[in-house]
Amino acid sequence: MNSEAKLTNVSAPKKRKRRASLDARKARAGWFFVLPFVLGFVVIYLPIIIDSIKYSFNKIKIGQGGGYTLEFVGWDNYQEALFVDPNFVQTLASGIQQLIFDIPAIVIFSLFMAVLLNQKMVGRAAFRAIFFIPVIISTGIIDKIDQANTMVDYMTDTGIEDGSGQNTTNEILSAVDIERLFDNMKVGTELVDYVVQMVNNIYNIINRSGVQMLIYLAGLQSISPAIYESCEIDGATAWETFWKITFPMISPMILVNSIYTVIDSFTSQSNKVMTYIATVYDQAGGNVLSSAMAWVYFLIVIVIIGIVAAVLSAYVFYQKRD
């Protein structure tokens, strides 16, 4: 009897409070870090976006005593932007064409440089810093000076005037002799024009490849060295190792960099379409028309991002971690 009484008096052990998993705690920490951006977007940017959409469907009428009123006109601003304005569609097509040309050049160049800078060599950290410096100096006042074309007074129709009377630009192209090289290979003129354009635009490509290079380096360093050691033991060449191991493992970074490059080109101050929209905005009554143009361009860029994501996602390899 005493033993049974003791058993009945013993209370059941209290259940421990279940702690959140590590992934859940990381997710909460992530929300904590993005909270300033979310608050800034809701408080500052979201009202501006709503006003921009509202203005794109209205006309502004200035009152006699000052102030203004909005008159709803439906899709008239969009029709004027696409079918009345003679320059917007042309500038839009030129800007999208430049965007399509720049994406492969920047993504491929940054991948090539990241692979080189990931090799073991003397001064590797210094070389990485040198290639990332353009990202730092291409912001703020330096970027404004560059966009203002302050060197235009030193440029001539034949290149850079250095006082010697020689054409420095043509000297570089003659040394490389790109056009003659591709002519001997019997390839199409479109490829020749594309390569020549990329070579002439190498300064802009390097300036816009720093962030992508950094993302690639992070992806390359996340690959386990044991995988490369296994390939070396099996006798795989460097070419086979790159295409069978390195390229599939960093394919998610290629997708990220492609989308980032599209967005970066869309927001760049050197963007032809954005420059034209800003010019229309400065005209009398052009703020509503420029809003419609901006939203047309925004929707086109969203479609391009969707196409890039859909195409590249089919070839992305995600490593399973058990």
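Four helices, α2 (22-56), α14 (251-267), α15 (272-281) and α16 (286-313), each put at least two residues into the lining of the second largest pocket. Helices here are DSSP runs of H or I with at least four residues, strands are E runs of at least two, and numbering starts at the N terminus. The model is predicted, so local features need pLDDT of at least 70 and side-chain atom pairs count only at pLDDT 80 or more, while totals for chains, interfaces and linings use all residues. Residues are numbered from 1 along each chain as its sequence is written, and side-chain values use heavy atoms, leaving out hydrogens and water.

**The pocket**
- α16 gives the largest share of this lining, with seven residues.
- There are 22 lining residues, and Ile-48, Ser-52, Met-274, Ala-294 and Trp-295 sit nearest the centre of the pocket.
- A pocket is an open set of points on a 1 Å grid over the protein atoms alone, where a 1.4 Å probe fits and protein lies on both sides within 12 Å along at least five of seven lines; lining residues have an atom within 4 Å of a point.

**The chain**
- The protein chain has 16 helices and four strands.
- Of its 322 residues, 27% count as buried (under 20% relative accessible area, 1.4 Å probe, protein chains only).

**Thr-241**
- Thr-241 belongs to helix α13 (residues 238-249), and is buried, with a relative accessible area of 12%.
- Leaving aside residues up to four places away in sequence, Thr-241 touches Tyr-228, Cys-231, Ala-236 and Thr-246 (contact means heavy atoms within 4.5 Å).

Note on methods. Buried < 20%, exposed > 50% of the residue type's maximum accessible area, 1.4 Å probe, protein only.
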